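Let's walk through this one piece by piece. Have the sequence and the 3D view open before you start.

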Amino acid sequence: MDDQPATLRAEILARTTHLLAGGSSMTARDIAATLVKGGLVGVDKKLVNSVLTIEGKGRFSYDRTSYTYALASPAAPAAPAPTNHTESQIEVNRDALMAACRKLFADGKPRTAKEIAAELTKQGMAGVDKSLVGSVLIREGKELFTYDHKTYTYLPR
């Protein structure tokens, strides 16, 4: 499996099953765009293709002429129901986030919360956004990091 965490891959599978449940078909690019609009971070065409090919094997059919995916049949095994992210966000272990931030700041370079969130997402940590990063660094990291209000960056102490 790719470097993506299992929770992100499971969420992609569940949401794609839900998207295609109406009998429509979609390209991996369109599925990825819809998932990103729905709040999933770090999803692209390559990841969608990987998830539907590996975890979704037998559940989806792929049309090579139109490059689209559809549910294989109504009797295909059901995926878990997608999470409604307006009600509950992916739970991120704040200690794991703190450890990842300490590792990221080993180079001593100042970063904005947005830059930190983007880097950690790129590394495979799902559910990380700039507000969560700010919260963790201000609360749990108050002894380890400082915040520069002029440049909006965090710095290791």
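In this predicted model, Y62 sits across from Y69 of β3. The strands concerned are β2 and β3 (residues 68-71), which pair antiparallel over four bridges; two strands are called paired if DSSP finds at least two bridges between them.

L71 counts as partly exposed, at 24% relative accessibility. On that scale, buried means under 20% relative accessible area, exposed over 50%, and partly exposed in between, using a 1.4 Å probe and protein chains only. Setting aside neighbours within four places in sequence, L71 is in contact (heavy atoms within 4.5 Å) with T17, L20, A21, R59, F60 and S61.

A quick word on ground rules. Residue numbers start from 1 along each chain as its sequence is written, and side-chain values use heavy atoms, leaving out hydrogens and water. Since this is a predicted model, local features need pLDDT of at least 70 and side-chain atom pairs count only at pLDDT 80 or more, while totals for chains, interfaces and linings use all residues.

Now for the other strand pair. Strand β4 (residues 145-148) and strand β5 (residues 153-156) run antiparallel and are joined by four bridges. T146 is placed opposite L155 in β5. The hairpin of β4 and β5 has four residues between the strands, and Y152 takes a positive phi there, near 55°.

Y67 is found in the loop between β2 and β3, while Y152 is in the loop between β4 and β5. Y67 is exposed, with a relative accessible area of 55%, and Y152 is exposed with a relative accessible area of 55%.

On to the helices. Here are two packed pairs, with axes taken as lines fitted to C-alpha atoms over the stretch in contact and angles running from 0 to 180 degrees between N-to-C directions.

| Helix pair | Angle | Axis separation |
|---|---|---|
| α1 (residues 6-20) and α2 (residues 28-37) | about 110° | 11 Å |
| α4 (residues 94-104) and α5 (residues 113-122) | about 105° | 11 Å |

The α4 and α5 helices are therefore roughly perpendicular to each other, a label for angles of 65 to 115 degrees. On the α4 side, L97, A100, C101 and L104 make the contact, and on the α5 side I116, E119 and L120. By class, that contact has six nonpolar, no polar and one charged residues. Nonpolar covers Ala, Val, Leu, Ile, Met, Phe, Trp, Tyr, Cys and Pro, charged covers Asp, Glu, Lys and Arg, and the others, Gly among them, are polar.

Between α1 and α2, I12, R15, T16 and L19 of α1 meet I31, T34 and L35 of α2. The class tally for α1 with α2 is four nonpolar, two polar and one charged residues.

Which residues have the most contacts inside the largest nonpolar core? They are I12, V43 and V48, in a core of 18 residues. Helices α1, α2 and α3 (45-54) each supply at least two residues of this core. A nonpolar core here is a set of buried Ala, Val, Leu, Ile, Met, Phe, Trp, Tyr and Cys residues joined through side-chain atoms within 4.5 Å. Not counting residues up to four places away in sequence, V43 touches L8, I12, A32, L35, V36 and V48. There is also a second, separate core of 17 residues, including M98, F105, V136 and Y154.

Finally, zoom out. The chain has six helices and five strands, in the pattern α-β-α-α-β-β-α-α-α-β-β along the sequence. Of its 157 residues, 36% count as buried. Among contacts between residues at least 6 apart in sequence, 56% join residues at least 24 apart.

Key. Parallel < 35°, antiparallel > 145°, perpendicular 65-115°, else oblique.
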